[in-house]
Amino acid sequence: MNAVRQKKLMWVIATLIGAVIAVALVIYAIGQQTDYYFDPTAIHAGKAPQETRIRAGGMVVRGSVVRDATDPLKVNFQITDYKQTVPVSYQGILPDLFAEGSGVVATGEIQGKTFVASEVLAKHDENYMPPEVAKSLKQDQQARGTNTNQEQFIPAEPVNQ
């Protein structure tokens with residue numbers, strides 16, 4: 001091979017190696033930012049990974065919100081999909097719209113039997129429910145074959161603003 005051809009080959013190989021490294025870094029970054037959603041039934045059944053960041057959603061069980069007496073930012077509550085209930089522990093400021101009986105989606109990790117949330121998102125009006133929670137509740141309702149109190153179990157579709 002002559003020197004020019006060898007130089008071009010080295011540039012092509014270097015470019016390919018750089019592209020492979022860039023693609024690998026992008027895939028790794030996307031994997032680190034992906035949060036898989038699990039409903040309380042899946043968490044209770046042990047289908048959700050332990051100590052891995054996930055999203056969990058459901059309705060806040062009425063009467064389950066307990067604030068720590070020594071630390072007002074520490075809150076324990078339970079979420080349900082009307083089949084199973086999962087205890088949630090959160091330290092931080094809850095959204096203004098957080099309330100018992102309302103829909104929430106929390107990001108965090110399962111530690112033992114408790115979901116330790118690092119972020120809690122609440123619904124924004126009386127007709128909205130996080131899509132994952134709405135789908136889970138709708139599937140549960142269809143599986144049971146019930147249609148009681150339809151407004152409580154099947155929310156209106158979210159409106160994009």
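This is a predicted model: local features need pLDDT of at least 70, side-chain atom pairs count only at pLDDT 80 or more; totals for chains, interfaces and linings use all residues.

Biologist: What makes Phe115 touch Ile54 in your sense of the word?

Modeller: A contact needs heavy atoms within 4.5 Å. Ile54 is listed among the residues that Phe115 touches, so the pair meets that cut-off.

Biologist: Thanks! Which residues have the most contacts inside the largest nonpolar core?

Modeller: They are Ile43, Phe77, Ile79, Phe98, Phe115, Ala117 and Val120, in a core of 21 residues. At least two residues of this core come from each of α2, β2, β4, β5, β6 and β7. As background, nonpolar side chains in soluble globular proteins tend to be buried together.

Biologist: How many aromatic pairs are there, and why is the pair of Phe77 and Phe98 called edge-to-face?

Modeller: The structure holds one aromatic pair. Phe77 and Phe98 have ring centres 5.0 Å apart, with 65° between the planes. Centres within 6.5 Å make a pair, and an angle over 60 degrees makes it edge-to-face, so both labels follow.

Biologist: What does the pair tie together?

Modeller: Phe77 sits in strand β4 and Phe98 in the loop between β5 and β6, so the pair ties together parts 21 residues apart in sequence. Both Phe77 and Phe98 are buried.

Biologist: Why is Val105 called buried?

Modeller: Buried means under 20% relative accessible area. Val105 has 3% relative accessibility, so Val105 counts as buried. Val105 belongs to strand β6. For the chain as a whole, buried residues make up 29% of the 161 residues.

Biologist: What is phi of Tyr82?

Modeller: Phi of Tyr82 is near 70°, a positive value in a residue other than glycine. Most residues other than glycine have a negative phi.

Biologist: Now the second largest pocket: which element gives the most to its lining?

Modeller: That is β5, with three residues. Both α2 and β5 supply at least two residues of the lining. The pocket holds about 180 Å³ of space.

Biologist: How many residues of each class are in that lining?

Modeller: There are six nonpolar, five polar and one charged. The lining includes Lys113 and Gly112.

Biologist: Last one: what pattern does the chain follow along the sequence?

Modeller: The pattern is α-β-α-β-β-β-β-β-β-α-α, with four helices and seven strands. Of the contacts with a separation of 6 or more, 51% involve residues 24 or more positions apart.

Notes: Residues are numbered from 1 along each chain as its sequence is written. Side-chain values use heavy atoms; hydrogens and water are left out. On a 1 Å grid over the protein atoms alone, a cavity is a set of points where a 1.4 Å probe fits but cannot get out, and a pocket is an open set with protein on both sides within 12 Å along at least five of seven lines; lining residues have an atom within 4 Å of a point. Grid points are joined across faces, edges and corners, and a volume is the space filled by probe spheres set on the points. Ala, Val, Leu, Ile, Met, Phe, Trp, Tyr, Cys and Pro count as nonpolar, Asp, Glu, Lys and Arg as charged, and the others, Gly among them, as polar. A nonpolar core is a set of buried Ala, Val, Leu, Ile, Met, Phe, Trp, Tyr and Cys residues joined through side-chain atoms within 4.5 Å. Buried means under 20% relative accessible area, exposed over 50%, partly exposed in between (1.4 Å probe, protein chains only). Rings of Phe, Tyr and Trp (its six-membered ring) pair if their centres lie within 6.5 Å; planes under 30 degrees apart count as stacked, over 60 as edge-to-face and the rest as tilted. Lists of a residue's contacts leave out its neighbours within four places in sequence.
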